[in-house]
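Hello,

Here is the structure I promised to pass on. Please have a look at it first, and my notes follow below.

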Amino acid sequence: MSLAFGFGLITCQQYPGDPRSDRDLYAQALTLAEDAEALGFDSVWVSEHHFVDDGYLPSLLPMCAAIAARTRRIQVGTALLLAPLHDPVRLAEDAAVTDLISGGRLVLGLGLGWRAEEFDAFGVPLADRVPRLLAAVEVLRQAWRGDLVRGAGGRGYPGMPVRPRPVSPAGPPLWIGALTPPAIRRAGRVGDGFMATEVTPDELAGQVALARAEHAAHGRAGRFAISVHLPVFAWAEDGGWELIRPYHRYVAWKYDDMDQARGRGGPPPEPPAVSAAGEAELRGAILLGTPAEVAEQIDAYRRAAGGDLHFIARLYFPGLPWPAQRRAVRMFAEQVIPRARALAGEAPHA
């Protein structure tokens with residue numbers, strides 16, 4: 001059993017009214033990745049979307065390569081790369097190069113995607129998401145094994161070698177993000193790991209059981225990783241909610257706004273006022289409290305996952321002032337992670 005900790009999800013979004021330039025945001029993201037490694041996190045994660053007015057990070061593997069070049073130990077992961085929007089062979093090449101730059105530290109988290117605007121712009125039918133994801137997984141594994149790539153079911157490519165190959169003969173682990181039972185079963189069937197989000201501990205326990213059962217039923221060899229990424233804010237002093245509220249609100253609202261924002265140019269707008277009920281829902285959607293309280297909440301997820309969990313703390317908040325952002329990452333690393341490891345019965349990591 002093991003408990004690992006990730007930092008993310010880096011998106012480099014431009015918060016309304018934030019004076020920082022895109023160049024500033026990308027430079028600070030790389031600094032945060034270095035901080036995460038120095039502070040003892042096990043991984044750092046980036047996330048993908050396209051054509052969003054706040055500049056949501058669209059190019060994950062260049063960012064992962066930059067993080068890899070600035071670090072030495074920490075795993076570098078995608079949460080999630082939208083596999084149906086990418087040519088599988090080009091993805092295999094880019095991921096292999098990124099993995100080589102990292103020395104074998106890449107974890108490729110794959111998702112289906114959901115925004116019609118993205119699929120329309122790339123000329124991909126939204127209805128083809130699932131077969132395109134499955135085809136991508138097959139092509140990635142053919143390429144990284146050194147097979148001649150012929151595509152899903154042996155069809156779609158003329159049979160060509162794809163080079164270079166990644167560090168490991170198996171290639172980077174493929175963790176599949178999923179929310180619904182069919183998607184969770186698919187993650188267990190074809191993935192090396194399952195990535196959960198937006199769940200309670202009880203919900204996570206059910207999802208993990210479903211994914212692991214499917215993994216076992218299909219005779220997949222090797223360890224099957226379980227991860228969950230959730231918004232988190234641990235603050236040792238009073239006023240933690242008041243500090244993080246506008247930035248947590250922005251991230252949550254922006255996912256709803258993306259569909260409304262189709263084709264919208266100009267600077268990103270402020271989110272509208274939230275009702276009292278919405279405020280309560282917003283607060284309930286983040287692991288919030290003192291470091292000890294947050295560690296206990298994380299431990300509930302660890303136990304729900306059966307004791308083996310890669311917990312990705314969504315500690316990256318667009319717009320959060322830079323000193324507070326760096327302090328929040330340090331506070332989590334120095335005060336939450338040791339407590340969570342102690343609750344899990346693990347010795348502190350060196």
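**The largest cavity**

The largest cavity holds about 90 Å³ of space. Here a cavity is a set of points on a 1 Å grid over the protein atoms alone where a 1.4 Å probe fits but cannot get out, a pocket is an open set with protein on both sides within 12 Å along at least five of seven lines, and lining residues have an atom within 4 Å of a point. Grid points are joined across faces, edges and corners, and a volume is the space filled by probe spheres set on the points. Before going on, please note that this is a predicted model: local features need pLDDT of at least 70, side-chain atom pairs count only at pLDDT 80 or more, and totals for chains, interfaces and linings use all residues. Residues are numbered from 1 along each chain as its sequence is written, and side-chain values use heavy atoms, with hydrogens and water left out.

The count of cavities of 30 Å³ or more comes to 1. Thirteen is the number to remember for the lining: of these 13 residues, Arg 20, Leu 25, Gln 28, Tyr 316 and Phe 317 lie nearest the centre of the largest cavity. Helices α1 (22-38) and α11 (322-343) each supply at least two lining residues, and α1 gives the largest share, 4 residues. (Helices, H or I with at least four residues, and strands, E with at least two, are DSSP runs numbered from the N terminus.) By class, the lining has 8 nonpolar, 4 polar and 1 charged residues, where Ala, Val, Leu, Ile, Met, Phe, Trp, Tyr, Cys and Pro count as nonpolar, Asp, Glu, Lys and Arg as charged, and the others, Gly among them, as polar.

**The second largest pocket**

The second largest pocket has about 220 Å³ of space. Its lining is made of 15 residues, and Leu 61, Leu 81, His 86, Leu 91 and Asp 94 are the closest to its centre. Both α2 and α3 (88-102) contribute at least two residues each to this lining, which by class has 8 nonpolar, 3 polar and 4 charged residues.

**Salt bridges**

I counted a salt bridge wherever a side-chain nitrogen of Lys or Arg is within 4 Å of a carboxyl oxygen of Asp or Glu. The total is 22 salt bridges.

Arg 20 is buried at 15% relative accessibility, and Asp 18 is buried at 13%. (Buried means under 20% relative accessible area, exposed over 50%, and partly exposed in between, with a 1.4 Å probe and protein chains only.)

Lys 254 and Asp 53 also meet in a salt bridge, 2.7 Å from N to O. Lys 254 lies in helix α8 (residues 240-260) and Asp 53 in the loop between β2 (43-46) and α2 (60-70), so the pair ties together parts that are 201 residues apart in sequence. Lys 254 is buried, at 0% relative accessible area, and so is Asp 53, at 15%. The two belong to a network of salt bridges that links Asp 53, Lys 254, Asp 257 and Arg 264.

Arg 145 and Asp 147 form another salt bridge, their closest N and O atoms being 2.8 Å apart. Here Arg 145 is partly exposed at 45%, and Asp 147 is partly exposed at 30%.

In helix α6 (residues 181-190), the buried residues are Ala 183, Ile 184, Arg 186, Ala 187, Gly 188 and Val 190. They pack against α5 (129-145), β5 (174-177), β6 (193-197) and α7 (201-217), with contact meaning heavy atoms within 4.5 Å.

Gly 113 sits in the loop between β4 (106-111) and α4 (116-122) and is buried, with a relative accessible area of 10%. Leaving out residues up to four places away in sequence, Gly 113 touches Leu 82, Phe 119 and Arg 129.

**Cysteines**

With a disulfide taken as a pair of cysteine sulfur atoms within 2.5 Å, the count is 0 disulfides. For Cys 12, the nearest cysteine sulfur is that of Cys 64, 11 Å away. Cys 12 is buried at 0% relative accessible area, and Cys 64 is buried at 1%.

Happy browsing, and best wishes
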